[in-house]
Amino acid sequence: MTTLTILVTGGSSASGIAVAGALAAAGHRVLTVGSDDVRIKAAAAAAGQGVTPLVCDLGSLESVRELGSAIEKLGIGGVDGVIHLVGGWRGAKGIKDQSDEDWESLERGAITTLRNVSRVFYSQLEASPHGRLAMVSSTTASAPTAAAASYAAAKAAAEAWTLAVADGFRRDQSANSGNPGTPTEQHSAAVIFVVKALVDDAMRRQHPERRFPGYTDVADLATAVVGLFDQPAATLNGQRILLAK
Ligand SMILES: NC(=O)c1ccc[n+]([C@@H]2O[C@H](COP(=O)([O-])OP(=O)(O)OC[C@H]3O[C@@H](n4cnc5c(N)ncnc54)[C@H](OP(=O)(O)O)[C@@H]3O)[C@@H](O)[C@H]2O)c1
């Protein structure tokens with residue numbers, strides 16, 4: 001199996017620990033990124049061997065560029081995968097009380113961080129024989145509720161951005177890309193995973209009375225992420241993969 005370098009952006013939560021751990025267990029070199037030094041180090045340690053913690057405010061393009069330079073200096077070659085997990089959640093009662101503060105937070109968490117990592121790492125993902133960009137969206141993006149209006153709009157924008165990255169890969173890797181010597185086989189893919197909500201073992205322990213209907217276990221998300229590197233890019237590129245049960 002080829003050892004790939006995979007960046008987990010927003011890796012401090014239970015989903016980040018599960019995804020980083022599964023990728024490392026599959027033999028990949030994993031760099032997991034969070035905004036807080038203590039939290040991301042704890043997450044990397046929980047994910048297990050082969051996971052390196054890095055600190056970066058992914059909401060700042062300058063900081064993400066610095067992250068790119070720091071990774072280059074590690075001398076491990078380009079990044080093959082970016083699994084983007086920063087999201088955030090804000091809700092309200094309905095349309096009228098959707099606040100600007102909530103929108104700014106969601107725009108930064110769900111959209112700006114994704115725009116930053118994909119702009120900075122696009123060339124490396126496009127150059128990799130197994131380039132993958134994945135983000136996790138919500139079922140509310142395509143079936144919005146009034147209470148989750150801002151959240152749904154932010155997630156829909158993040159989905160549109162991801163599909164645009166998929167179009168970039170398709171164009172750059174087509175026979176008509178205008179780049180002499182460009183291989184015609186698609187080798188990079190951008191995909192959207194869709195969940196209703198995530199659940200992990202700690203949540204189940206804290207709420208033994210709850211059944212979490214329709215929730216996706218972070219372990220199942222992690223398995224789906226690992227599987228991205230085993231499937232053909234042409235099949236995956238631009239797909240919206242439903243993981244909600
Ligand atoms: N949880 C759910 O039920 C659910 C439902 C639908 C969709 N999703 C989506 O699934 C994905 C994963 O969900 P999640 O709940 O695990 O994610 P999350 O808690 O929203 O974000 C993951 C991690 O990103 C880090 N982060 C936040 N802002 C950052 C920044 N500016 N720079 C660097 N790191 C930053 C946070 O850690 P630090 O603060 O330590 O940096 C956080 O633990 C998200 O995209 C989310 O929208 C989740």
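How far is a nitrogen atom of the ligand from an N or O atom in the side chain of Asp57? The separation is 3.0 Å, inside the limit for a polar contact (a pair of N or O atoms within 3.5 Å). This is a predicted model, in which local features need pLDDT of at least 70 and side-chain atom pairs count only at pLDDT 80 or more, while totals for chains, interfaces and linings use all residues. Residues are numbered from 1 along each chain as its sequence is written, and side-chain values use heavy atoms, without hydrogens and water.

Lys155 places a polar side-chain atom 2.8 Å from a ligand oxygen atom. Ser12 has a polar side-chain atom 3.2 Å from an oxygen atom of the ligand. The protein covers 78% of the 870 Å² of accessible area that the ligand has on its own; accessible areas come from the Shrake-Rupley method with a 1.4 Å probe. Around the ligand are 25 residues, each with a heavy atom within 4 Å of it. Ser13, Ser15, Ser35, Arg39 and Gly88 come nearest.

Ser15 also belongs to the buried residues of α1. Buried means under 20% relative accessible area, exposed over 50%, and partly exposed in between (1.4 Å probe, protein chains only). Helices (H or I, at least four residues) and strands (E, at least two) are DSSP runs, numbered from the N terminus. Other buried residues of α1 include Val19, Ala20 and Leu23. The end C-alpha atoms of α1 are 16 Å apart, which agrees with the 16 Å that its twelve residues should span at 1.5 Å a residue. That expected span is 1.5 Å times one less than the number of residues. Gly27 follows α1 and has a positive phi, near 100°.

Now the interior. A nonpolar core is a set of buried Ala, Val, Leu, Ile, Met, Phe, Trp, Tyr and Cys residues joined through side-chain atoms within 4.5 Å. The largest has 31 residues, and Val19, Leu23 and Ile83 are among those with the most contacts inside it. Elements that each supply at least two residues include β1 (5-9), α1 (14-25) and α7 (218-227). α7 gives the most, with six residues. Ile83 touches residues including Ile6, Val19, Leu23, Ala134 and Leu228; contact means heavy atoms within 4.5 Å. A second, separate core of 20 residues includes Leu31, Val117, Phe169 and Ala190.

One backbone detail remains. Most residues other than glycine have a negative phi. Phe212 has a positive one, near 55°. Phe212 is in the loop between α6 (201-206) and β8 (216-217). Phe212 counts as buried because its relative accessibility is 6%.

Notes: A polar contact is a pair of N or O atoms within 3.5 Å; within protein, one must be able to donate a hydrogen and the other to accept it, and residues adjacent in sequence count only if both atoms are side-chain atoms. Lists of a residue's contacts leave out its neighbours within four places in sequence.
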